[in-house]
Amino acid sequence: MTADTHPDLPAPNSEATIGFIGAGNMASAIIAGLISANWPAHKIYASNPSLPKLERLTQKFNIKTTQSNQALAEQVDILVLAVKPQKLADVCSQIKSVDLSHKLIISVAAGWPIQRIEQNLQQQLAVVRTMPNTPAFVGEGASGLFANSRVNQQQKRITETIFNAIGTTSWIAAEAQMDTVTAIAGSSPAYFFLMMESMITAAVQAGMSEKTAFELITQAMKGAATLAQSTPNKSLEQLRKEVTSPGGTTAAAIASFKSNEFEDIVRKAVDASIQRGKELGQLN
Ligand SMILES: NC(=O)C1=CN([C@@H]2O[C@H](COP(=O)(O)OP(=O)(O)OC[C@H]3O[C@@H](n4cnc5c(N)ncnc54)[C@H](O)[C@@H]3O)[C@@H](O)[C@H]2O)C=CC1
Ligand SMILES: O=C(O)[C@@H]1CCC=N1
């Protein structure tokens with residue numbers, strides 16, 4: 001995997017229109033990022049079967065909406081496929097009659113290989129397969145991007161502009177690694193939430209208020225991540241050892257984690273996510 005982070009946000013391509021099929025969580029997060037990066041609202045479209053969802057998006061961002069995926073696909077230069085993997089085959093069959101050959105296709109769907117998208121759309125296309133995550137809602141997303149050989153440099157730069165608007169971007173060297181991106185970045189906010197939930201439960205059982213435990217735990221996790229990112233000369237192991245005084249409190253907790261095979265638990269969870277990604281890419 002090649003990680004290439006782009007902290008700078010280039011000016012959006014004000015000429016391009018972008019449309020999202022599926023106006024759910026990820027589409028809303030990306031649209032919010034584009035609006036704050038000054039992408040013109042009248043050049044952003046979204047389609048969804050649910051009218052109330054579209055009305056909410058129009059009210060919030062003043063973007064254009066339609067219930068017709070086909071009309072949207074015809075209209076835009078950049079088409080973002082943002083429905084659940086289980087709905088993607090339906091969406092492809094609704095838009096396959098549209099000539100998409102001069103458009104940039106961006107998929108955020110877990111699992112679906114680019115080749116399957118092209119097969120379902122019955123066209124050879126410039127496709128970037130991406131995997132963002134929900135911290136995108138606060139501009140702290142981490143997105144993996146993989147482009148097929150038909151995506152040109154300008155289209156790559158536009159894709160970076162779009163995803164830099166919601167956090168950092170990393171180009172991934174091989175498409176086979178996109179299920180790993182999903183397992184360690186797309187899904188991992190949920191693992192960290194589970195960890196925080198479990199720690200809050202333990203702290204409350206030890207007599208602390210939930211509010212205080214939430215404040216301490218969320219800041220400790222954010223602080224640990226910031227420290228790791230700001231100290232590239234120190235390995236994670238070294239940072240861990242600096243917390244872990246011999247015979248101290250941390251050592252007791254780490255010994256408990258290790259005796260319960262924490263690393264094995266994490267490896268199995270990541271493997272399960274990767275496996276599910278592969279399955280989602282094959283389901284009809
Ligand atoms: N939620 C997450 O943390 C992440 C999700 N993803 C991927 O993003 C995609 C979307 O996920 P979410 O935004 O979480 O789901 P969501 O359920 O919030 O949004 C999907 C939207 O698609 C709409 N939809 C359903 N059928 C449709 C159709 N035929 N045409 C147009 N719209 C249709 C639904 O009404 C819904 O509003 C999925 O493929 C998922 O794998 C990727 C990264 C992170
Ligand atoms: O759970 C899922 O399938 C999606 C993909 C990554 C995060 N949510």
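Here are some questions and answers about the predicted model shown above.

Me: Before we start, which pLDDT do local features need in this predicted model?
Reply: Residues are numbered from 1 along each chain as its sequence is written, while chains are lettered from A and ligands numbered from 1 in the order in which they are written. Since this is a predicted model, totals for chains, interfaces and linings use all residues, side-chain atom pairs count only at pLDDT 80 or more, and local features need pLDDT of at least 70.

Me: Happy to hear it! Which domains does the assignment give, and how far apart are their C-alpha centres?
Reply: The bounds, which come from an automatic or database domain assignment, are 18-180 for domain 1 and 188-280 for domain 2. The C-alpha centres of domain 1 and domain 2 are separated by 32 Å.

Me: How many residues of domain 2 are in contact with domain 1?
Reply: A contact here is a pair of residues whose C-beta atoms, placed from the backbone, lie within 7 Å. By that rule, 8 residues of domain 1 meet domain 2, and on the domain 2 side the number is 5.

Me: Is Asp179 buried or exposed, and why?
Reply: Asp179 sits in helix α7, where helices are DSSP runs of H or I with at least four residues and strands are runs of E with at least two, numbered from the N terminus. A residue is buried if 20 or more other C-beta atoms, placed from the backbone, lie within 10 Å of its own, exposed if 12 or fewer, and partly exposed in between. Because Asp179 has 23 other C-beta atoms within 10 Å, this residue is buried.

Me: How many residues of helix α7 are buried?
Reply: Helix α7 spans residues 178-186 and is mostly covered. Its cover includes β6, β7, α8 and α12. Among its buried residues are Met178, Val181 and Gly186, and of the 9 residues in α7 the number buried is 8.

Me: What about Thr134: how many C-beta neighbours does this residue have inside 10 Å?
Reply: Thr134 is in the loop between β6 (126-131) and β7 (141-147). Leaving aside neighbours within four places in sequence, Thr134 is in contact with Asn25, Ala29 and Pro189. Thr134 counts as partly exposed because its number of C-beta neighbours inside 10 Å is 17.

Me: Now the ligands: which element gives the largest share of the shell around ligand 1?
Reply: A residue is near a molecule if its C-beta atom, placed from the backbone, lies within 6 Å of it. For ligand 1 there are 27 such residues, and Gly22, Gly24, Asn25, Ala109 and Ala110 are the closest. Both α1 and α4 (85-95) give two or more residues to this shell. The largest share, 4 residues, comes from α4.

Me: And which residues surround ligand 2?
Reply: The shell around ligand 2 divides into 1 nonpolar, 3 polar and no charged residues. Here Ala, Val, Leu, Ile, Met, Phe, Trp, Tyr, Cys and Pro count as nonpolar, Asp, Glu, Lys and Arg as charged, and the others, Gly among them, as polar. The residues around ligand 2 are Ala110, Thr182, Gly186 and Ser187.

Conventions:
Contact = placed C-beta atoms within 7 Å.
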